[in-house]
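Thank you all for coming; I would like to take a few minutes to walk through one structure with you.

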Amino acid sequence: MEAVQVESKGSHGGDADRRTSRNDRRSSWGCTLLIVNTCLQCVSYYGLSTNLMNYFTEELHAGSKSAANGVTNWVGTSSITPLAAAFLADSFLGRYWTITVFLVISAVGYGVVTASASWALQSAVFYAGLYLVGLGGALQPVMVSFGADQFGDDESERGQQSSFFNWFYFSVNVGSLVGGTVLVWVQTAHGWRLGYGIPALLSVLAVALFIAGTGAYRRHQPPGGFPLTRIAQVVVAAVRKCDVEVPDDAALLHECEGDDAVSAIQGSRRLARTGQFRFLDKAAVETAGDKGGRPARPWRLCTVTQVEELKCVLRLLPVWACGIIFAAAYTQMSTTFILQGNTMDPRLGSFRVPAAMLSVFDTLSVMIWVLLYDRAVVPLARRLTGNNGGFTQLARMGVGFFILTIAMLLAGALEVARRRVLVLHGTYIGVDGIEYMPMSIFWQVPQYVVVGAAEVFTFIGQMEFFYDQAPDAMRSVCSGLAGAAFALGNYASSAIVVVVVRATTRDGSPGWIPDDINEGHLDYFFWLLAMLCFLNFGTYLIVARWYKYKKIAD
């Protein structure tokens, strides 16, 4: 695989234009293949995961608690493995080979799962296949980084790159919609053999499609070595030189010799010195003891680019932390939104719509908002702001933070209305023997739609931001940070619920979130989340004002 290269400008302008045109076509075709590939992976993954609880109980004869633990353990493992894949891609294998290897592992895993479901093999075989899928399916941060790598640094290509992130997330939602509905129906109506066989075939197709597109991938970021080693070297070198004075002239700091555009870190561009975290600059100060040795000892003398690499990561962390509260509020779709919907009238003609199915409106909202954002919002914002991407990345995420606050307010307002209807009209017993109230479940649709809009601004903004602002040799790892924030958001949501339950169930009170929410105050809980979202938004504004975008050295 050839590394990222910078083409020299010659006198043959027509040849250069033709090369640029060919590269643009290759970039477009390569990214299209990656987007389709991601969609296939998501159809397979959600086709397996959405109905996994039922497979455990029906086919493996697991109890409810055992099945729930089996699902959560697997989902937890699947949430950790993307960071492992990202480290491999950035450090040793490169993104292309990491994707290839993990796609093959995933296809093998789906094959084992299908074989186990087809011939009723031992549960250990099924678990082996399941965890191979969890390992091999950990490609989203690597895949999105590899796709973004295909674009250059000029303004026109950066606009195309921003559009790529939108369509990448669109493909994830299309895949989750098809996998979570069509394949679940196949499993229910036609059995597990076909229901799991289709994901297996799609995973094989994903491998073939990715390898077939090899010639269309025009840029390949080479691995830069283990990033934690470089970070540790900067910290150690700075501490060793804690008494050294840092010169004001950045030219006096240590940088590698040779090509001005290339750093000592393989495949990385040189970074310009920034004024934040000045203590770390001590690691790049060349003292009398350093001048005698060539090459420089990395645990004593680091380059400016290596120091700035650590600064980039440190600047990302406050932005990343703001995403945790966002994720905690976002996860209400799969918890308190469902509790709220379970008490409402689920009838749609002769059909009964489960509360959990309303999340499809979030997915549809995301798909519609991606189209609107890419084709209407960005062109309008581009004319107003002069920014080629419409909004800056920080501004885009901030809009999503604010929109999610509105979603929590809508959920709270609906709960107030629901409780008022409950007081006035009471409940009735449905034909299924479950107690409902005379208020349609479809009153929840607006809050799901608004959550979808918040996703498009914040989650896609996070993907673009963490890729663009990460050091060149750490882009896969930093892209995986968004997923880590989402996982921590789930834990934060659980912690908030525990605190609320303990604080509101004193003196015999049922609390805000009792088993029967008609006796509680779920509206208070939504107001609390809205307040946390608003405070998080205020904190984010401070962080965004403080943040300094990374600078590439001239």
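**A walk from a loop to the cores**

Let me start with L271, which counts as buried because its relative accessibility is 7%, and let me say at once that what we are looking at is a predicted model.

Which residues does L271 touch, if we do not count residues up to four places away in sequence? The partners are V304, T305, E308, E309 and C312, together with K550, K551, I552 and A553. For one of these, V304, we also have a C-alpha to C-alpha distance, which is 7.1 Å, although L271 and V304 are 33 residues apart in sequence.

L271 also takes part in lining the second largest cavity, along with I265, S268, R269, T305, E309, P471, D472 and K550. That cavity has a volume of about 40 Å³, and its lining divides into three nonpolar, two polar and four charged residues. The largest cavity, at about 50 Å³, is lined by S162, Y373, G389, F391, T392, Q393, R396 and E464, and here the division is two nonpolar, four polar and two charged. In total, four cavities of 30 Å³ or more are counted.

Staying with the loop between α9 and α10, we also find Q276 there, and Q276 counts as buried because its relative accessibility is 12%. Leaving aside neighbours within four places in sequence, Q276 is in contact with K311, R315, W546 and K548. F277 is in the loop between α9 and α10 as well, but F277 is partly exposed, with a relative accessible area of 32%, and its phi is positive, near 55°, in a residue other than glycine.

A positive phi of about 55° is also found at H61, again not a glycine, in the loop between α2, residues 52-58, and α3, residues 64-93. H61, with a relative accessible area of 66%, is exposed. A further positive phi, near 50°, belongs to A120, which follows α4.

That brings me to the helices themselves. How far apart are the end C-alpha atoms of α4, residues 95-119? They are 36 Å apart, and this agrees with the 36 Å that its 25 residues should span at 1.5 Å a residue. Helix α8, residues 192-212, has 21 residues and reaches 30 Å from its first C-alpha to its last, close to the 30 Å expected. The buried residues of α8 include W192, G195, Y196, P199, A200, A206 and F210.

Finally, the cores. In soluble globular proteins, nonpolar side chains tend to be buried together. In this model the largest nonpolar core has 124 residues, and those with the most contacts inside it are I99, F210, V319, F337, L404, M408 and F465. F465, to take one of them, touches L316, V319, Q393, L394, M397, A470, Y547 and Y549, not counting residues up to four places away in sequence. There is also a second, separate core of 16 residues, which includes L48, Y110, W192 and A200.

How values were computed. Residues numbered from 1 in each chain as written. Predicted model: local features only at pLDDT ≥ 70, side-chain atom pairs only at ≥ 80, totals over all residues. Heavy atoms only, no water. Helix = DSSP H or I, 4+ residues; strand = E, 2+ residues; numbered from the N terminus. Expected span 1.5 Å × (residues − 1). Buried < 20%, exposed > 50% of the residue type's maximum accessible area, 1.4 Å probe, protein only. Contact = heavy atoms within 4.5 Å. 1 Å grid on protein atoms, 1.4 Å probe; cavity = no way out; pocket = protein on both sides within 12 Å on 5 of 7 lines; lining within 4 Å. Points joined across faces, edges and corners; volume = space filled by probe spheres on them. Nonpolar A, V, L, I, M, F, W, Y, C, P; charged D, E, K, R; others polar. Core = buried A, V, L, I, M, F, W, Y, C linked by side-chain atoms within 4.5 Å.
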